[in-house]
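Morning, everyone. I have one structure to walk through today. Please bring it up on the screen.

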Amino acid sequence: MNPLNHIAIIMDGNGRWGLKNRKSRNAGHKAGLKSVENIIKASIKKNIKFLTLYAFSTENWRRPKKEINYLFKLLENFLSKKTLQLHKQNIKLKIIGKKSFSTKLNKLLKFAEKKTSSNKKLQINLALNYGSKSELINAIKSLVKQKGKINEKNLTKYLETKDIPDPDILIRTGNTTRLSNFLLWQLAYSEIFFEKKLWPDFNQDDFNKIIQKYKFTKRNYGGV
Ligand code: IPE
Ligand code: IPE
Ligand code: MG
């Protein structure tokens, strides 16, 4: 049976869910937050140590301002209400991506990261304003600046995911089969599961089924 430490998720399909069920994309984002809470619970039950959630990409700035503002308001409310609860559950929150948002959101993110920094049960990496290509460029720049030898081990040290093992599983919901600039380096040997359901419909059963399937997948890493 394969060991399982890290699950990464591209939480896609909120907008379509909202249009289909409530006639607004933003309603889908709100509903998507419930799935986030369910999957955090399921991860704890399964004793998973790292859960990485793609919440906003460097490309998502191309969306209408109204939608972007709504998304960040949702996140602000979530952090204001839930940070202490996460802390009580021994959950560590880490942001990957460039933290350049409103003063209020920057503060909430900083506080949540600091408050939960020594927690051990589960680490949630929230990918926010994250893009894998810019992460790699920055890592290469730092490595060159430090005059480090360019090899896999050294490059990994400059990624935002340093100290985090590569994902064992990548899940993308929303019936779309692409990576959308997510963890291009780190996913080199992950098992990928494309899920037809839209993110707000994705539940603990769906999540557990994927884990079950993963556990009995033969991982070759190029061998036989
Ligand atoms: C993913 O859902 C959530 C974010 C990008 C914030 P989408 O908003 O991309 O939903 P669809 O793909 O348009 O349905
Ligand atoms: C990827 O979803 C980003 C997040 C889930 C945060 P998108 O919906 O933005 O991806 P594309 O644009 O369809 O590739
Ligand atoms: Mg999408």
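Leaving aside neighbours within four places in sequence, which residues is Thr83 in contact with? They are Phe78, Phe111 and Ala112. Contact here means heavy atoms within 4.5 Å. Thr83 lies in helix α3. Thr83 is buried, at 4% relative accessible area. My cut-offs: buried is under 20% relative accessible area, exposed is over 50%, and partly exposed is in between, with a 1.4 Å probe and protein chains only.

Ground rules next. This is a predicted model, where local features need pLDDT of at least 70 and side-chain atom pairs count only at pLDDT 80 or more, while totals for chains, interfaces and linings use all residues. Residues are numbered from 1 along each chain as its sequence is written, chains are lettered from A and ligands numbered from 1 in the order in which they are written, and side-chain values use heavy atoms, with hydrogens and water left out.

Now the overall fold. The protein has seven helices and six strands. Those are DSSP runs, numbered from the N terminus: helices are H or I with at least four residues, strands are E with at least two. From the N terminus, the order reads β-α-α-β-α-β-α-β-α-α-β-β-α. The radius of gyration is 17 Å, close to the 17 Å from the globule rule for 224 residues, so the protein is as compact as a globular protein of that length. That radius is taken over C-alpha atoms, and the rule is 2.2 Å times the number of residues to the power 0.38. The C-alpha trace spans about 50 × 40 × 35 Å along its principal axes.

How much of the protein counts as buried? The figure is 48% of the 224 residues. The exposed surface comes to about 12600 Å², with carbon and sulfur atoms supplying 53% of it. Those areas come from the Shrake-Rupley method with a 1.4 Å probe; for residues, only the protein chains shown count as cover. Take contacts between residues at least 6 apart in sequence: 75% of them join residues at least 24 apart.

On to charges. There are 47 positive and 17 negative ones, and their mean positions are 5 Å apart. Lys and Arg count as positive, Asp and Glu as negative; His and the chain ends are not counted. Each charge is placed at NZ of Lys, CZ of Arg, CG of Asp or CD of Glu.

Side chains of opposite charge can pair when their charged atoms come close. How many salt bridges does a search of the whole structure find? Twelve. The criterion is a side-chain nitrogen of Lys or Arg within 4 Å of a carboxyl oxygen of Asp or Glu.

Here are some of them. Lys82 bridges to Glu37, with the closest N and O atoms 3.1 Å apart. That pair links distant parts of the chain: Lys82 sits in helix α3 (residues 65–88) and Glu37 in helix α2 (residues 25–45), 45 residues apart.

Next, Lys73 and Glu76, at 3.2 Å, N to O. Both are in helix α3, three residues apart, about one turn of the helix. Lys73 is partly exposed at 45%, whereas Glu76 is buried at 6%.

Then Glu113 and Lys99, where the closest N and O atoms are 2.6 Å apart. Glu113 is buried at 16%; Lys99 is partly exposed at 35%.

There is a network too, linking Asp12, Arg16 and Arg172. Thr176 is in the loop between β5 (169–172) and β6 (191–194), and is buried at 14%. Thr176 and Asp12 are 164 residues apart in sequence, but 8.0 Å apart C-alpha to C-alpha.

Which side chain of opposite charge is nearest to Glu135, a buried residue with no salt bridge? It is Lys94, 8.9 Å away. Glu135 is found in helix α5 (residues 132–145). Beyond four places in sequence, Glu135 touches Tyr130, Leu159, Glu160, Thr161 and Gln186.
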